[in-house]
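Open the model in your viewer and switch to a cartoon view. This tour tells you what to select next and what is there.

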Amino acid sequence: MKVAVVGATGLVGGEMLKVLAERNFPVTELLPVASEKSVGQLIDFQGKKYPVVSMDAAIAARPDVAIFSAGGSVSKEQAPRFAEVGTVVIDNSSAWRMDPTKKLVVPEINAKELTPDDKIIANPNCSTIQMVLAVHKLHEAYKIKRIVVSTYQSVTGTGKKAVDQLMAERAGTPDAAPKAYPHPIDLNVLPHIDVFEDNGYTKEEMKMVKETKKIMGDDSIKVTATAVRIPVMGGHSEAINVEFERDFDLQDVYRLLRETDGVEVVDDVANNQYPMPKDAHGKDAVLVGRLRRDESQANTLNMWVVADNLRKGAATNAVQIAEHMIKLGLLKEAVAVS
């Protein structure tokens, strides 16, 4: 299978290459794609070196699947060009997520909605993915009325520039790297992810509101979010307060979460065991813990959810979408995934 990775030299692009290799995705030919200044640069993949190619060259090669992580403007312009030559595009930007003609997919929840007509498929926002994966079976059992979520998000969600800013500040040389944020991030917390909208919320917060409804297929779910950037690199953390229509049994909640594909319950407070970014780093599982009733309101659960935002929050979810397209017979020249 001929696979293009668009944005192959970026943080998420690099993680996508790693995930493709780890999961033994059936790559017979790799097309790493990046900006013109990177063309010719060599990319290591499964013991071989592949030269970075231009967008036009990749489209001319007619790959079976193109996994995009190159920003919204690039995706808007280039994804349709790939789709026109028959390539299935899985896009990690926000460009297509709320387009009513495009599917927004977390495979464990709604891969069954994919069809042969889906040539551009949207990968959800990282913080949305881990939240919906943690709550979707609970929604089936108890029906969610409202979610109040506060995020604690890794600098890796912003990209290499943010990582460089954090490390320069931590080394005591803040001017040694360009600034990704309007304020220092080391020893600080920024309640500001993406741009502010007219309603006072950030775009990141509104992504969580809108994407949750679309992925879960239920516009009645009320969501309010506060998205915060913190000086860590292992993954994103979320404090989630979920109000249900029906009462729940806490032991049944544990059972449902343990039965949820992609979720790992880490909840033994007597031994100080709970999800942390350092433990999520490099893992595909969404870690869930600190499960407890909200004693201030009926039918309401508090939970703490952590995941590596570059893995399940981006690269792994995208590759899983491609795997499901193969399983459903929706990718041409499909072969069995080992």
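What covers the buried residues of α3? The cover includes β1 (2-6), α2 (55-60), β5 (65-68), β6 (88-91) and β8 (120-122). This is a predicted model, in which local features need pLDDT of at least 70, side-chain atom pairs count only at pLDDT 80 or more, and totals for chains, interfaces and linings use all residues. Residues are numbered from 1 along each chain as its sequence is written, and side-chain values use heavy atoms, with hydrogens and water left out.

Select residues 72-84, which form helix α3. Helices (H or I, at least four residues) and strands (E, at least two) are DSSP runs, numbered from the N terminus. Now pick out Ser 75, Gln 78, Ala 79, Phe 82 and Ala 83, the buried residues of α3. Buried means under 20% relative accessible area, exposed over 50%, partly exposed in between (1.4 Å probe, protein chains only).

Stay on Gln 78, where α3 bends by about 35°. The bend is the angle between axes fitted to the seven residues ending there and the seven starting there. Pro 80 follows within four residues. Just after α3, select Gly 86, which has a positive phi of about 95°.

Next, go to His 139 in helix α5 (residues 126-142). Is His 139 buried or exposed? His 139 counts as buried because its relative accessibility is 13%. Not counting residues up to four places away in sequence, His 139 touches Ile 144, Met 216, Asp 218 and Ile 221; contact means heavy atoms within 4.5 Å.

How values were computed: The expected span of a helix is 1.5 Å times one less than its number of residues.
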